[in-house]
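Thanks for coming. I will take a few minutes to walk through one structure, so please have the sequence and the 3D view open.

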Amino acid sequence: MRNMTALVAGLALAIAVSGCSRPSGAAAAADAMGATNLNSVQFSGSGTNYAFGQAYAPGGAWPRFEVKTYTVAVDYQTPAMKLDMLRAQGENPPRGGGAQPFASDQRTTQVVSGKNAWSEGGAQPGPNPGAATDRLRQIWLTPHGVIKAALASGAPADGNVFTFKAEDRDVKVTLDQQNLVEKVEYLTTNSVVGDVPVEVTYSDYAQFGNIQFPKHIVEKQDGFPTLDITIDNVQPNAAVSLAVPNNVASAPAPPATPMATIDKVGDGLWSLNAAGTRSLAVEFGDHIVMLEGPTSDAR
């Protein structure tokens, strides 16, 4: 009887020690998803994309476009990322919004490397210095990026829900019962409508090489879908080299206040052209009303 009691106590102690040493939170996710030894990844697929803020009617969903090809290459070490997307008209008949209808398919290629951001597709790369922060954040919102960023931040990462900061934004991560990243949430800022909640869900995980990767990615902004992609190809530790073009590296920072051209249309009515966008200003006795004031607070 004494031996049996000792055996039961020993088993209980072994189970307790095993439970204490078992990783949880971001560490458990790193093990389950193969994030520890993942330095880069390339994934591609197709689906739909939606034009944020361009609803046909107030409170309606954003205009939908067909995404024929969607390819993302991520280098977690630099860090750097390239997104290439080929879109086609998705609503027939078109109701407007999002610069539709498309006369032909449109390709968008956005790149960030370190603190440099640019677009490709023209005669030479187009510097986008104002987009660097948002694009860097996208790296740390990818399924394995959130795990790497959470572990590197040193933030508490126990249980199936934890938070960390990505480019000065709080990011909340939810894991499923298999310790796979299920949902990522954060607030982005839009100069027209203010803070906008963003939710990215990852589902239908499958094994690709030595990592687990979701085959279905859905992003919502302000409650409506902005992206719905089915992934069909994943290459762990792909060769991703995103050198910064010379004209991008030497591009000046955007001015704090854009230059504006102001033309008088009539008494109390002014046309303002700044940052490539035209607005109307209407003077009243003690205030001014701006019609169409997009892009940024500074503008």
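Where in the chain does N237 lie? N237 is in the loop between β12, which covers 224-236, and α5, which covers 246-249. Keep in mind that this is a predicted model. The phi of N237 is positive, near 50 degrees, and N237 is not a glycine.

You will find E167 in the loop between β7 and β8. With a relative accessibility of 25%, E167 is partly exposed.

Now the sheet. Twelve strands form an open sheet with antiparallel pairing. Reading across, the order is β6-β5-β4-β3-β2-β1-β12-β11-β10-β9-β8-β7. Which strands stand at the edges? They are β6, residues 126-127, and β7, residues 161-166. Each has a single partner strand, so one side of each has no neighbour in the sheet. As background, strands of a sheet pair through backbone hydrogen bonds, either parallel or antiparallel.

Let me take one pair from inside that order. Strand β3, residues 80-89, and strand β4, residues 106-113, are joined in the antiparallel sense by eight bridges. Within this pair, K82 is opposite V111 in β4.

Next, the helices on the sheet. Helix α2, residues 25-33, lies across β7, β8, β9, β10 and β11. Its direction is at about 120 degrees to β11. Helix α4, residues 143-153, packs on the sheet as well, and it touches β7, β8, β9, β10 and β11. The angle between the direction of α4 and that of β7 is about 85 degrees.

Last, the prolines. Which peptide bond has an omega near -10 degrees? That is the bond from T78 to P79, and it is cis. P79 sits in the loop between β2, residues 64-75, and β3. The peptide bond from N92 to P93 is also cis, with omega near 0 degrees. P93 is in the loop between β3 and β4, the strands that pair over eight bridges.

That is what I have. Please look up these residues in your own view.

Definitions and conventions: Residues numbered from 1 in each chain as written. Predicted model: local features only at pLDDT ≥ 70, side-chain atom pairs only at ≥ 80, totals over all residues. Heavy atoms only, no water. Pairing = 2+ DSSP bridges. Helix = DSSP H or I, 4+ residues; strand = E, 2+ residues; numbered from the N terminus. Contact = heavy atoms within 4.5 Å. Axes fitted to C-alpha atoms, helices over the stretch in contact; angles between N-to-C directions. Buried < 20%, exposed > 50% of the residue type's maximum accessible area, 1.4 Å probe, protein only.
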